[in-house]
Amino acid sequence: MTETTCAVCCRTSETHTCVSCQSRIRGLIAQLPEQLVYLTLSRQRVRGGGGDGRSSKRLHAPTPGDVGVLNMLGPASSDAVTTVLDQVGETPFLAVLEGWCDVVTQERGLNPVKRHVTAMTARLTAHLPWIVEQPWVGDFAEEIADLVRTCQRITLTEPRRELLRGVTCPSCESLTLVRYFPGDWAAECTQCASVRLDAQDYEALVRYQALAASTPREV
């Protein structure tokens with residue numbers, strides 16, 4: 001099979017989008033319904049001050065809710081955005097999904113879906129095998145990843161990540177193994193979605209690599 005370059009991560013791949021990126025995109029889409037729930041639960045302003053560390057006491061009435069959350073939950077402008085100054089804050093959550101669902105619907109000649117997170121994520125997941133072969137898949141992957149990161153930052157649900165230094169991934173052989181807190185795995189590769197090691201397998205990998213490093217190589 002002819003090798004090409006992955007349209008998302010730019011690494012060598014046998015397909016337009018590598019298997020690792022396809023898996024990562026699918027996982028990001030799967031997180032979106034839950035992230036919208038977290039956003040909805042985060043509408044109330046945090047008591048005791050703003051996110052900039054200054055006092056919450058003002059001479060004017062406070063905003064009745066977290067501005068970042070309200071922006072993400074709000075509607076998008078009905079007019080086209082013509083300059084970077086037209087959009088204040090992040091693009092609203094459902095607007096991002098609706099825009100990509102419209103692309104899939106129009107290009108594939110499908111019936112529109114409801115403007116609901118479950119319906120739209122189901123549409124994107126169902127047509128992901130087609131999406132990952134499109135020339136715009138890089139933009140799609142970037143916007144979906146940005147949406148998840150934005151939600152996690154606002155709702156304080158972003159998992160803490162620890163880089164496992166000195167241990168290489170058994171698949172790509174890169175120093176890309178990490179451990180997430182909270183998380184279900186002792187080690188995961190940030191590049192290879194299939195590499196997820198429990199505590200026993202991770203300890204075995206560490207012992208194997210330490211042994212290999214200490215064994216003299218034949219000249």
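Predicted model: local features only at pLDDT ≥ 70, side-chain atom pairs only at ≥ 80, totals over all residues.

I began at the end of helix 3, where Gly-109, just after the helix, takes a positive phi of about 65°. Residues are numbered from 1 along each chain as its sequence is written, and side-chain values use heavy atoms, with hydrogens and water left out.

**Helix 3, continued**

I checked the length of helix 3. Its 16 residues should span 22 Å at 1.5 Å a residue, and the end C-alpha atoms are 23 Å apart, which agrees. The expected span is 1.5 Å times one less than the number of residues.

Which residues of helix 3 are buried? I listed Phe-93, Leu-94, Ala-95, Val-96, Leu-97, Trp-100, Cys-101, Val-104 and Thr-105. Buried means under 20% relative accessible area, exposed means over 50%, and partly exposed lies in between (1.4 Å probe, protein chains only).

**The whole chain**

I stepped back to count elements: the protein chain has 7 helices and 6 strands. Along the sequence the pattern reads β-β-α-α-α-α-α-α-β-β-β-β-α. Of the 219 residues, 31% are buried. The accessible surface comes to about 14,400 Å², and carbon and sulfur atoms hold 52% of that. Areas come from the Shrake-Rupley method with a 1.4 Å probe, and for residues only the protein chains shown count as cover.

I also looked at contacts (heavy atoms within 4.5 Å). Among those between residues at least 6 apart in sequence, 42% join residues at least 24 apart.

**Cores**

Next came the nonpolar cores, meaning sets of buried Ala, Val, Leu, Ile, Met, Phe, Trp, Tyr and Cys residues joined through side-chain atoms within 4.5 Å. The largest has 31 residues, and Phe-93, Leu-97, Leu-124, Ile-131, Phe-140 and Leu-147 touch the most other members. The elements giving two or more residues to this core are helix 1 (19-41), helix 2 (67-73), helix 3 (93-108), helix 4 (117-126), helix 5 (128-131) and helix 6 (137-155). Helix 6 supplies the largest share, 8 residues.

Leaving out residues up to four places away in sequence, Phe-93 touches Leu-32, Gln-35, Leu-36, Leu-39, Met-72, Val-117, Leu-147 and Cys-151. A second, separate core has 12 residues, including Ala-186, Cys-192, Val-195 and Tyr-202.

**Rings**

How many aromatic pairs does the structure hold? I found 4. Rings of Phe, Tyr and Trp (its six-membered ring) pair if their centres lie within 6.5 Å; planes under 30 degrees apart count as stacked, over 60 as edge-to-face and the rest as tilted. Trp-130 and Trp-136 have ring centres 5.7 Å apart and planes at 65°, so this pair is edge-to-face. Trp-136 and Phe-140 are also edge-to-face, with centres 6.4 Å apart and planes at 70°.

Trp-130 is buried at 19% relative accessibility, Trp-136 is buried at 14%, and Phe-140 is buried at 0%. Ring pairs link Trp-100, Trp-130, Trp-136 and Phe-140 into a cluster.

My last stop was an open sheet of 4 strands in the order 3-4-5-6, with antiparallel pairing. Strands pair if DSSP finds at least two bridges between them. Strand 3 and strand 6 (196-197) are the edges, each pairing on one side only.

Strand 3 (residues 160-163) and strand 4 (residues 177-181) run antiparallel and are joined by 4 bridges. Arg-161 has Tyr-180 of strand 4 as its bridge partner. Strand 4 pairs with strand 5 (residues 187-189) over 2 bridges, again antiparallel. There, Leu-177 stands opposite Cys-189, and a hairpin of 5 residues joins strand 4 to strand 5.

Glu-173 is exposed at 63% relative accessibility.
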